[in-house]
Amino acid sequence: MFITLLLFFLSAAIIYFACEFFVNGVEWVGHRFNLGATATGTVLAAFGTALPESAVTFMAVVFGTTPEQKDIGVGAAMGGPLVLATLAYAVVGLTLARTRRAGSSKVEAAINADQRRLARDQAWFMGVFVFKVALGLLAFAWKPWLGLLFLAVYGLYVKRELTREEECLDCEDLEPLKLRPRDPSPSLFWACTQTLLALAVIALASHVFVRQIELLGLAMGASPHVAALLLAPVATELPEIMNALIWVRQGKERLALANISGAMMIQATIPSALGIFLTPWLLDAPLLAAGGFTLAAIMLLWLRFRRAAMSVPALSAVGGLYALFAGYLGWHFYA
C-alpha cells in the first residue's frame, strides 16, 4: 500500500509539472497557427489531453476479454463527461474565487470568456450526449454503424472551431517557451517538440496514476462499476483539470474553459464511438444516472453561458452534482 500511495502522489505531481510545459507549448503552437485562445483550448489542448481517457476506453473495449473489463470502457466513456461537466468546471470556479479574493477583486464578477460561444459548445454536447444515452436504451443489429456518426460530428465540430473568426493569441501575453526561454519568437518546431514531449510524459504518468487508482479501489473494496464511473474518470481527466488550474492561475480562464469545453466534445464522441463499435452499448441504472447528472450539469451551464451570466460561484457550484452522484452510487451498491 505504501508503494501504491507513493506512486499515486508522484505520478500526480509529474502530471502537474508536465502540464506546465504542455500548456506553455500548446499556446505557442496556437500562436504560430494564428489561432484564437478558444480554438487553441477547444481543439489543440483538448485533443492532446483527451488521449489518456480515450486510451482507457480503447484498451478496455478492444482488448477486454470479460464483460467486466468492457464495462470499464463503457463506464469511462460515460464517467469522463460527468467529471468534466462537474469537477473540472468547479475547479475553475474555485480557483478563480481564490485568486480574485487574494487580489481583492469581486468574486461575483462574471468570468472573462466568450460565454455565448461556450453556450454553443454546451448545446452541441447536449445534442450528442442525449443521442448517445438514448442509444444505450435500445438494441438493434445496425447500432455499431452509428459510431461513424459520432466521429463525423466531432470532425464537423473541429472544422467549425478552426474556421470561426477570433482575435489571435497575441493578446494572451505569452510566456517564453520553456525549452527556449531566451528566444522571444521560438519556431513552430520547438513549440511542437515541447508540446509532444510534455504530452508523452503526461500519457505515461497518467497510465501509472490510473493503475494506482485501480489498486486503491480494490483495496477499498470498490466494485468494477464504481471504479469505472468514479475512480477511473477522475484519474484520466486529471490533465484537463491540471491545465485548467494552471491557466486560471495565469489569468487565462478563457483557455481553461475552452479546454474543458473541447475535451467534453471529444468525450461525447470518440470514446462513445469506440464503445458503440465494440460493445452492445446497453446502459444500466448507474450508467443512466451518470448520464442524467451530466445532462443536469450541462443544462445549468448552458443556461448561464447563453445569457452571458455565468459567475464564479455558479461555476463552482456544479461540482456539487458530482458529490450527489457519488452518494447515489454508494447507496446503489452498498445499501
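## Helices and the model

Helices (H or I, at least four residues) and strands (E, at least two) are DSSP runs, numbered from the N terminus. Ile15 lies in one such run, helix H1.

This is a predicted model, in which local features need pLDDT of at least 70 and side-chain atom pairs count only at pLDDT 80 or more, while totals for chains, interfaces and linings use all residues. Residues are numbered from 1 along each chain as its sequence is written, and side-chain values use heavy atoms, with hydrogens and water left out.

## The whole chain

The protein chain has 13 helices and zero strands. Along the sequence, the pattern reads α-α-α-α-α-α-α-α-α-α-α-α-α.

How much of the protein chain is buried? Of its 335 residues, 53% are buried. Buried means under 20% relative accessible area, exposed means over 50%, and partly exposed lies in between (1.4 Å probe, protein chains only). The chain exposes about 14,500 Å². Carbon and sulfur atoms supply 70% of that area. Accessible areas come from the Shrake-Rupley method with a 1.4 Å probe; for residues, only the protein chains shown count as cover.

Contact means heavy atoms within 4.5 Å. Take the contacts between residues at least 6 apart in sequence: 85% of them join residues at least 24 apart.

Helix H1 covers residues 2-32, which is 31 residues. From its first C-alpha to its last, H1 reaches 45 Å. That is close to the 45 Å expected at 1.5 Å a residue. The expected span is 1.5 Å times one less than the number of residues. Just after H1, Asn34 takes a positive phi of about 55 degrees.

Is Ile15 buried or exposed? Ile15 counts as buried, because its relative accessibility is 0%. Leaving out residues up to four places away in sequence, Ile15 touches Ile202, Ala205, Ser206, Phe209, Leu238, Pro239 and Met242. Ile15 and Ala198 are 183 residues apart along the chain, yet their C-alpha atoms are separated by 9.0 Å.

## Two helices side by side

Helix H5 (residues 115-135) and helix H6 (residues 147-163) have axes that come within 12 Å. The axes cross at roughly 175 degrees. That makes H5 roughly antiparallel to H6. Axes are lines fitted to C-alpha atoms, for helices over the stretch in contact, and angles run from 0 to 180 degrees between N-to-C directions. Angles under 35 degrees count as roughly parallel, over 145 as roughly antiparallel, 65 to 115 as roughly perpendicular and the rest as oblique.

Which residues of H5 meet H6? Arg117, Arg120, Asp121, Trp124, Val128, Phe131, Lys132 and Leu135 do. Their partners in H6 are Leu149, Phe150, Val153, Leu156, Tyr157, Arg160 and Glu161. The residues of this contact divide into nine nonpolar, no polar and six charged. Here Ala, Val, Leu, Ile, Met, Phe, Trp, Tyr, Cys and Pro count as nonpolar, Asp, Glu, Lys and Arg as charged, and the others, Gly among them, as polar.

Val61 is found in helix H3 (residues 51-63). At 1% relative accessibility, Val61 counts as buried. Leaving out residues up to four places away in sequence, Val61 touches Lys70, Gly73, Leu274, Gly275, Leu278 and Thr279. Val61 and Asp71 are 10 residues apart in sequence and 8.1 Å apart in space, C-alpha to C-alpha.

Val74 lies in helix H4 (residues 67-102). Val74 is buried, with a relative accessible area of 8%. Again not counting residues up to four places away, Val74 touches Thr279, Trp281, Leu283 and Leu287. Val74 and Pro271 are 197 residues apart in sequence but 8.3 Å apart in space, C-alpha to C-alpha.

## Two tryptophans and an alanine

Trp247 is found in helix H9 (residues 238-249). Its relative accessible area is 0%, so Trp247 is buried. Beyond four places away in sequence, Trp247 touches residues including Val23, Val26, Glu27 and Ala45.

Trp281 is found in the loop between helix H10 (253-278) and helix H11 (285-306). Trp281 counts as buried, at 1% relative accessibility. Phi of Trp281 is near 50 degrees, a positive value in a residue other than glycine. Ala308 also is not a glycine, and has a positive phi of about 55 degrees. Ala308 sits in the loop between H11 and helix H12 (312-317). With a relative accessible area of 37%, Ala308 is partly exposed.
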